[in-house]
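This report is meant for a reader who is meeting the structure for the first time. Please keep the sequence and the 3D view at hand while reading.

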Amino acid sequence: MPLIKNAAFTENQFVHVADDETLPQGNVIVSLKRWQTERADLITRNAPIGVRLNSDQSAEALAGDVHHFALIEIDFPKFRDGRGYSSARILRQRLAYTGEIRAVGDVLRDQWLFMKRCGVDSFEVRPGTRLEDFRSALTEQTVFYQRSSDHHRSVFERRHTACQALAAE
Amino acid sequence: MYRYDEFDQKAVDERVVQFSGQVARRLSGELTEDEFKPLRLMNGLYLQLHAYMLRVAIPYGTLSSKQLRMLAHIARKYDKDYAHFTTRQNLQYNWPRLADVPAILADLATVEMHAIQTSGNCIRNVTSDHFAGASADEVDDPRIWSEIIRQWSTFHPEFSYLPRKFKIAVTAAPKDRAAIKVHDIGIIIRRDAADVLAFDVYVGGGQGRTPLIGHMIGESIAAEDLLAYLEATMRVYNQYGRRDNIYKARIKILVHQIGADEMRRQVAVEFVEVKAQGALALPQVEIDRIAAYFASPAFETLSDENPTTANPAFNVWLENNVAKHKVPGYAIVTVSLKPIGGIPGDASAAQMDVVAGLAEKCSFDEVRVSHEQNLVLAHVRQRDLLTVWQQLAAAGLGTANYGLITDIIACPGLDYCDLANARSINIAQAISTRFANQDRQREIGELKLKISGCINACGHHHVGHIGILGVDKKGVEFYQITLGGSGDETASVGEILGPAFGEADVPDAIETLIDVYFAKRSPGERFLDTYRRVGIQPFREKLYAAH
């Protein structure tokens, strides 16, 4: 699957490792279960490590551990399954995770902006996706009523900064 | 009422451009119907039995004259000259062509309207008290808070793919006219001992196939924390609401399964976290800005008068459809969309124009849509009531049946809806015609009769004093009757009487129930009061003995 990060196609630097597979050298992504059972060994590795959250696994399970990860993958098994949006927000805001959050699975054009707003910064997309579609999907809407993980100020706030700025002039 | 600023307008305009592109891609074949479906559902466009249906949001049921005229214009230009007001205070067009929908949305945007989040598993149009700002019993205008919630929930990035649709209702009066306890979240605004606004948050009410009454989860939430509390509740639901079974995906099932206490605990934990981030605390200056739009209009200093005349038809309408206003000399007028034998909630373009004109001249330019599928002119001078009634009556809008047995709520049913098992409109028409006699209706008194054409309960049958549910038995329509439901502050779910009736037998069955009520009632009792006192048995015995 093509991968978009920072508004450009990029090579995936990580390999998925199944729970019963021997860990290869290099960057790996393991399941949450494997992370939990082999945590002591995994943190001694020298290569960057990623973990994958299924949609029924709460990001809370990574509390206290996020600094170990270079990548957290959030799976969207169907685009309708919106649990991953909460996971991303919890990772960014509550757990203060600053590494890469990658959306994988059924990741469609009309979800990209919401995912980005929740803190996702890389996207596994369908083959054939055009970069201009990605760019336009992220810019079609520019009015955000609520704070999220992307540091946009909310409309509630912007209105009054505008007023204050005006009053200050 | 609220007016868009540059941000609100831009949000809606951008959406029109975006959806126009999506429709163009669908029409050119670039998008398949499967790919297009989630996009159109984000914009209130359904594919029904015979045609597309477009559902337009009317936030908390408040419209300006200009907006209502635009709705009439769209009905005339793009549809079959009428539209349908729904139990969600929205409006539906039943026959739009897909190619016209971008133009319809563009027309709506010129009057600060849209169809955003009127479908899909997101936070839907916020509903509220249709007497807001006019009724003496409210502690604040609930539309201020409904508008704040509307904005916060619009394009919410985290809560646009919830397990299921999500409905929030707000009231600020002890008399609940917004049925808040049968919503996913219902909010009651009170004033505490220090006269400060406090928000009680009820969670997990709902109708559908599992009717449940909401539980108070948040008590006395402070105004500035309201959005943080809602966000906390939504996050718990988004993570833990069931997604494996569409019929068990509403928040009411989660609350029912884990219990109200556990729900309260989980939300409380999340609430602390959300508040700690601080980003949702509402700035007072913003609350004030929005509140200012809902300031009372410039009422004249008048005295209450007795508007009765020598015209008995007017006097009956006055008694039934006109309610007390908080300001002396004014009155609240309910415009019935339930003509005898008509289709509940339907209005022609010409009728919408008449109501818009009256609102402009006689009600400070404002119209309300009630969840009972009527329109409301909230601020009419008592001295104008006769003129208003004459003009309404001339347009076929003078039916004096507000709150009576012919003021029926009915969903569109199998005449339009893809989900329905049976027709609703025919039953509403038959009952309305049977009980057409004005004196008899008034003799029966307040009676909320509600009809749904399937278990999804869009016609609110669970909370009807008499509820009727259409079912399909081997291709034949049957109707199951429930008694004792109520959507007000004493909310209750109706109890099933017994085996269902065939279409032709329903009016007789209702007659029998009314006979039992007449035989059993104590002075001053409404149908619901009698039912609550004597229980279902006398009704059941008589009904099934007779049939």
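## Domains of chain B

In chain B, 11 residues of domain 2 are in contact with 11 residues of domain 4, where contact means that the C-beta atoms of two residues, placed from the backbone, lie within 7 Å. On the side of domain 2 of chain B that touches domain 4 of chain B, 5 residues are nonpolar, 2 are polar and 4 are charged; here Ala, Val, Leu, Ile, Met, Phe, Trp, Tyr, Cys and Pro count as nonpolar, Asp, Glu, Lys and Arg as charged, and the others, Gly among them, as polar. The C-alpha centres of these two domains of chain B lie 31 Å apart.

Chain B is divided into domain 1 (6-110), domain 2 (134-293), domain 3 (312-394) and domain 4 (409-546), with bounds that come from an automatic or database domain assignment.

## Basis of the model

This is a predicted model, in which local features need pLDDT of at least 70 and side-chain atom pairs count only at pLDDT 80 or more, while totals for chains, interfaces and linings use all residues. Residues are numbered from 1 along each chain as its sequence is written, and chains are lettered from A and ligands numbered from 1 in the order in which they are written.

## Where chain B meets chain A

Between the chains, 32 residues of chain B are in contact with 28 residues of chain A. Among the elements that give two or more residues to the chain B side are α1 (6-27), α2 (33-41) and α5 (142-153) of chain B, and the largest share, 5 residues, comes from α1(B). The residues of this side divide into 14 nonpolar, 9 polar and 9 charged.

Strand β9 (residues 197-203) of chain B has 5 of its 7 residues buried, a residue being buried if 20 or more other C-beta atoms lie within 10 Å of its own, with C-beta atoms placed from the backbone. Strands are DSSP runs of E with at least two residues, and helices are runs of H or I with at least four, numbered from the N terminus.

Strand β8 (residues 185-191) of chain B pairs with β9(B) in the antiparallel sense over 7 bridges, pairing being assigned if DSSP finds at least two bridges between two strands. Gly186(B) has Tyr202(B) as its bridge partner in β9(B). The two strands form a hairpin with 5 residues between them, and Asp195(B) in the turn has a positive phi of about 70°. Strand β10 (residues 215-222) of chain B runs antiparallel to β9(B), joined to it by 5 bridges, and Ala222(B) in β10(B) stands opposite Ala198(B).

How values were computed: A residue is buried if 20 or more other C-beta atoms lie within 10 Å of its own, exposed if 12 or fewer, and partly exposed in between; C-beta atoms are placed from the backbone.
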